[in-house]
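Here's a quick briefing to read with the model open beside you. Take the topics in any order you like.

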Amino acid sequence: MKTYSALGAAIALAAVPFLVGLNEYYLFLVTLILLYTTIVVAWQLIGGYGGQLDLGAGAYHGLGAVVTGFLMVNYGVSGWVGLLVSGAAAAGVAFLIGYPSFRLGLKEVWYALSSLALVLILQKIFLLWTDVAGPLERYIPYAEFDPVFMRAGTKIFYYYITAALLASTFLIVSRIRRSKTGLYLISIRENEEAAEMLGVDVRRYKLQALMIYSFIAAVTGGIYASMVGFYHPTLFDSWISIQTATLAIVGGLGHLLGPPIVSIILLTVQEYLRITLGAVIIGLHQVIFGIILVVIIMFKPDGLGPLIDSLARRFPASVRR
Amino acid sequence: MGADFGVQLLQTILFGVMLGGVYALAAMGLALLFGVANLVNFAHGEYIMLAMYMAFVFSVTIFQDPVLTPLFNIPLFFAIGVITYLGIFKRLIKAPPLSQIAATVGVLVLLRNLALAIWAAEPKAPPYTVFATSFSIGPIIVPLDKLLAMAVSFVTLFLLNLFLERTRLGVAMRASADDVEAVSLMGVDTNRLFLLTTGISLALVGLSGSLIMTYQAVTPTSGLLFGLLTWAIVALAGLGTVKGILIASIIFGLADSLASGLWDPRGREIVLYGLFILILWVRPKGLFGRR
Amino acid sequence: MVVAVVVIAAVVGISVFTRVLPLSQPTPQVSEIRVGLVEPLSGTYAVFGNEARMAAELVIEEINSKGGIASLGGAKLKLFVEDSKSTADGARLAAEKLVNVDKVHVIIGAFISSHTLTMLDVTEPKKVVVMADALVDYLTARGFKYIVRLPPKASVHGATAVDFAVGVFQQNGMKIQRPVIVHFDGLFGEVTADGVYTRLRDLGIRPVDRIKYPTDITDMAPIIERIRQANPDVVFVVPYYADSVLFAKAVASLGLKVPLIVGAGGTGLADPDSIKASGEAAEYMINTYSYDPFLPTNYNKQLVQAFQNRYGKLPTEAAGIVFYTLWTLKEALEVSGKNYPDDPLSGDNLMKALMSLDITSGPAAETYPSGHIKLAPNGDNLYAQAVALQVQGGKPVLVYPFDKAQAKPVFPRP
């Protein structure tokens, strides 16, 4: 049963490009949706399990884009190497910021604010650091199809990379959730003091969660840069931070299925509204999106996770877990 | 060269103090709500952004001058505060911090997108004011619009301080900041107290939006910048007093001005938010804080 | 096996999404010419994008009402407008949609140079011709084949600003001694400022300071203070829109005394939107433009009048470029229909037609500052020219080139 579901999942993911008729524009959109969903899934580690409302996703995503892009543009280094290097760089930055923060007991609103501040600080640093980025867009050399360099004219290439990334992120997160680390993280979220008194090394687990999440967020940034073919400090985007956190909250903190499902649905709705309404009144789709978010958060503070879980419970047990 | 640099330094310091004076008003609203009602309003900056846009709208449609816009902005934002409290904050008062952040991040998203829809993300530069002129004291230039903004801010903070120390309601607010339970036992209707606090908090935001709009442009992302800046000021000041907020604001105003003036205008956010993170690390309870 | 559920949800969501959207069909025979327009309709540069859109709608209506493209059996132009949201990725996404869904034959855009460059990644492989209304020099110098650009490039704007300033100083028996260059730090700001710098250097003048500010600046006071420290006799400034308003206001409110302030690069300082937003602070500001709304030709007068009647404002940079770009496109389509009747709309044939043009009369020439359009092999106009407008009495007037000027520039600034 388990193998069947996995196989079904793989086939379904693989089929999406054909469902959109191989149209490059729609492929671009579904790839973006899966990219942002990947960050939401990874965010569960720090936010859903660690209980830290992190708003640094834009910082790590941007770092991934800039580092991967820089290596591709300046040294002709393959994007695949770039993804790993930028992931490591992001995890390094996460450590530098996370270690003192957790050690000095930064939490709740102060943690959220400091992670948001990080996005803006990094954006301005790379704006001033003209050797690496600077105010001018940098363009990654064009290639019709070069899988080794990780650059292609068609979006289907990026779609499959992203789909694979989303699937592996999901597997990593679900595995961590069931591991000892996951249990510790959840105990931290429920009651940090109690967890600490029971001898859980609170800082270490929070830091681990933060570093894994920042690594994955950076990889999404690297894929994005290679797909759009340029990088710029504006890719340190606070909106990605806010979007990630709200989608994860609406999906249900700590739920496994809710966040990705909600993220895919809401981002699809957002794109649909953008295409249909965006031309009528610019920005109208954004307002509707905002209202949906506020209403869900106000009336379902636990998000849609419990709802989705109960729906999933109707499936045979083997499908559920 | 030395004399030139001295002049430039003095000029930059003057700008910094003026900026800080205005920031204080914007931060005071946040500190009040956080202190009295123990409510985390993550959307505070978005309200400031909205107040700036409204000041822009009022000044181009009705007043022809941003200086008069507080006449509309203060009551309007008091009302918005009351509505926000009844609609959203009331449910959040007893909620855990994480839920408060989550819900007010939702408000942030809504307000930011509302601004995007109405003004299509267009930056609005400050409309022309009759105070857009300056006088000089020796080599130092004193811009009248900023001087006026700072003066209004100081007077308002002075009055607010009187209100908090001399009136029954103000005393109840201060007491609530220390111990909500006790205030409630004393027979104060905390619901009404928090309602008024939210109203006053946003009325201050309305006024500060008008003042900032006399010399600065607004974009939908201004909310984020002012949000972080005001939170940074509250972090430095702690939740103590009007005086604490004022001093912290001037420190940030100086940092802002010195970073732009002596280093690079593009680096000011690195300095401001870097300072913010350092403060959080070094002084988690703020300089003048009680909590 | 939660994965299955997630993925099924994804598939269902996405397939519903695409079903609901109309996938437009490409039309085989030439009944219409699909013209894409990518402009910043929202965001930082919305002022320009909306003006360009107005102009495009006006001119396309006129072309169609006069019988469309004669050599293509009276085929009409159909406009597809997309918002770049004032971001580089937005422009790219817009190009993606125009090329893959709307299947346009030609794209005009994206006003902001760096945004235009991101579109070329999408349009080049599909051989869709881009007629750029963006000014940075190397748009046409990066080896892309399907791009033309009619307005004067950024360095021409920079040089024009210098030539004007030198001329004004000469007329008053003075020489430029202490110029200062101020510009935003984006691609267009850098390249235009380089144009200013280069022309100054060629004349043997060294700028005393070059000041950069961030594109999203909100407070100009520190910049004005640095200018004051440099004690300049002329300030060359390269702004977009919102920053130009801040700049003008800060110059007024901080009482900066400079004999001459010249903006380079077609946006800000002296167009109607900037004047409206800056109030009295805009007075005596000067800027260079790629279009002269006061060009005294019959067609231009008529078009400016039609534009003002419909939209209530004077067309300047963004509208002007679209005026002559669309009329040039019209002429190219006529040629292509005559010379390549089998496939008149292919990128290659359209480019050949554009390259063969030498326009000295008709609406395109009558709206172009130099009155002459002929493309160099790289796609730039050989006869590109920029003009300068100054705000006098709250209205822009032409002050350069001196031989065409409506009024003498006010100098020095009071």
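C:Tyr284 counts as partly exposed because its relative accessibility is 25% (buried means under 20% relative accessible area, exposed over 50%, partly exposed in between, with a 1.4 Å probe and protein chains only). You'll find C:Tyr284 in the loop between H9 and strand E10 (286-289) of chain C (helices are DSSP runs of H or I with at least four residues, strands are runs of E with at least two, and both are numbered from the N terminus). Keep in mind that this is a predicted model, where local features need pLDDT of at least 70, side-chain atom pairs count only at pLDDT 80 or more, and totals for chains, interfaces and linings use all residues. Residues are numbered from 1 along each chain as its sequence is written, chains are lettered from A and ligands numbered from 1 in the order in which they are written, and side-chain values use heavy atoms, with hydrogens and water left out.

- C:Tyr284 has a phi near 70°, a positive value in a residue other than glycine.
- C:Leu269 also has a positive phi, near 70°, and isn't a glycine either.
- The loop between strand E9 (260-263) and helix H9 (272-278) of chain C holds C:Leu269, which counts as buried because its relative accessibility is 2%.
- Going from C:Tyr400 to C:Pro401, the peptide bond is cis, with omega near 5°; C:Pro401 sits in the segment after strand E12 (395-400) of chain C.
- C:Phe411 and C:Pro412 are joined by a cis peptide bond too, with omega about -10°, and C:Pro412 is in the segment after E12 of chain C.

**Where chain B meets chain A**

- Each chain puts 41 residues into the contact: 41 from chain B and 41 from chain A (contact means heavy atoms within 4.5 Å).
- About 3800 Å² is buried between chain B and chain A, with carbon and sulfur atoms giving 85% of it (buried area is the accessible area, 1.4 Å probe, that two parts lose on being put together, summed over both).
- On the chain B side, B:Leu98, B:Arg266 and B:Trp281 lose the most area to chain A, together 17% of what that side buries.
- How many salt bridges does the rule find across the interface of chain B and chain A? There is one, and it pairs the side chains of A:Lys124 and B:Glu269 at 3.2 Å, N to O (a salt bridge is a side-chain nitrogen of Lys or Arg within 4 Å of a carboxyl oxygen of Asp or Glu).
- Helices H3 (70-92), H4 (97-119), H9 (222-237) and H11 (268-282) of chain B each supply at least two residues of the side that touches chain A.
- H4(B) gives the most to that side of chain B, with 16 residues.
- H11(B) has 15 residues that should span 21 Å at 1.5 Å a residue, and its end C-alpha atoms are 21 Å apart, so the two agree (the expected span is 1.5 Å times one less than the number of residues).
- Among the buried residues of H11(B) are B:Glu269, B:Tyr273, B:Phe276 and B:Trp281.

**Salt bridges elsewhere**

- Over all chains, a search of the whole structure finds 32 salt bridges.
- A:Glu190 pairs with A:Arg189, with their closest N and O atoms 2.8 Å apart. A:Glu190 is exposed at 56% relative accessible area, while A:Arg189 is partly exposed at 26%.
- C:Glu96 bridges to C:Arg92, the closest N and O atoms being 3.0 Å apart. These two are four residues apart in helix H3 (residues 88-100) of chain C, so about one helical turn separates them.
- C:Asp348 and C:Lys127 form a salt bridge with closest N and O atoms 3.5 Å apart. That pair links distant parts of the chain, 221 residues apart: C:Asp348 is in helix H12 (residues 347-356) of chain C, and C:Lys127 is in the loop between helix H4 (113-123) and strand E4 (129-132).
- C:Asp348 is partly exposed at 32%, and C:Lys127 is partly exposed at 41%.

- C:Asn349 is in helix H12 of chain C and is buried, with a relative accessible area of 11%.
- Leaving out residues up to four places away in sequence, C:Asn349 touches C:Ser336, C:Tyr340, C:Asp343 and C:Pro344.
- C:Ala70, in the loop between helix H2 (46-65) and strand E2 (76-83) of chain C, counts as exposed at 58% relative accessibility.
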